[in-house]
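This briefing goes through side-chain contacts and a few backbone details, grouped by topic. Please read it alongside the sequence and the coordinates shown here.

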Amino acid sequence: MFTRINGASAISYYNLRIDNTGTAVATQEAATLTVLGTFRLYTSDAEFTAAAGISITGSFTNDGVFNAAGFTVTLNGSPAAFVVAAPVSIAFGPVVSKPE
């Protein structure tokens, strides 16, 4: 587990797994988030809220609640690499899809 509080600079992950439960919400810092590998919300309780732009190069799987909060989400991978399971929730702001 990695935690950084109130960081102002952009941060990159290779794989990012959100697996929170209960009323906890994972919230992005106010800096661009780059995920080079897999970004996955693992359970229906997992919840993530963006606070800046997000770039995902690998795969995105949402088994929980993803809220882009009006920020741009750039999907740089293959369209087949982006999976949203039902009946979960996903709310994107502007989406820029750049297929391989």
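The side chains of Asp63 and Arg40 are joined in a salt bridge with an N to O distance of 2.8 Å, where a salt bridge is a side-chain nitrogen of Lys or Arg within 4 Å of a carboxyl oxygen of Asp or Glu. Asp63 belongs to the loop between S8 and S9 while Arg40 belongs to strand S5, so the pair ties together parts that are 23 residues apart in sequence. The model is predicted, and local features need pLDDT of at least 70, side-chain atom pairs count only at pLDDT 80 or more, and totals for chains, interfaces and linings use all residues. Residues are numbered from 1 along each chain as its sequence is written, and side-chain values use heavy atoms, with hydrogens and water left out.

**Salt bridges**

- The structure holds two salt bridges, and besides the pair of Asp63 and Arg40 there is one between Asp19 and Arg17, at 2.9 Å from N to O.
- Asp63 counts as buried at 16% relative accessibility, whereas Arg40 is partly exposed with a relative accessible area of 27%; buried means under 20% relative accessible area, exposed over 50% and partly exposed in between, with a 1.4 Å probe and protein chains only.
- Asp19 is partly exposed, at 37% relative accessibility.

**Charges over the ring of Tyr42**

- The charged end of Arg17 sits over the ring of Tyr42, 3.7 Å from its centre, where a charge sits over a ring if NZ of Lys or CZ of Arg is within 6 Å of the ring centre and within 35 degrees of the ring normal.
- Arg40 also lies over the face of Tyr42, at 4.2 Å from the ring centre, and Arg40 is the residue that forms the salt bridge with Asp63.
- The C-alpha atoms of Tyr42 and Thr61 are separated by 8.0 Å, although these residues are 19 residues apart along the chain.
- Thr61 has its place in strand S8 and is buried, with a relative accessible area of 16%.

**Aromatic pairs**

- The structure holds five aromatic pairs; rings of Phe, Tyr and Trp (its six-membered ring) pair if their centres lie within 6.5 Å, and planes under 30 degrees apart count as stacked, over 60 as edge-to-face and the rest as tilted.
- One of these pairs is formed by Phe39 and Phe48, which are edge-to-face at 5.3 Å centre to centre with 90° between the planes.
- Phe39 is buried at 0% relative accessibility, and Phe48 is buried as well, with a relative accessible area of 4%.
- Phe39 also pairs edge-to-face with Phe60, at 5.5 Å centre to centre and 85° between the planes.
- Phe39 lies in strand S5 (residues 38-41) and Phe60 in strand S8 (residues 59-62), so this pair ties together parts that are 21 residues apart in sequence; strands (E, at least two residues) and helices (H or I, at least four) are DSSP runs, numbered from the N terminus.
- Phe60 counts as buried at 2% relative accessibility.
- Phe39, Phe48, Phe60 and Phe66 form one aromatic cluster.

**Backbone at Ala69**

- Ala69 has a phi near 50°, a positive value in a residue other than glycine.
- Most residues other than glycine have a negative phi.
- Ala69 is in the loop between strand S9 (65-67) and strand S10 (73-75), and Ala69 is partly exposed, with a relative accessible area of 39%.
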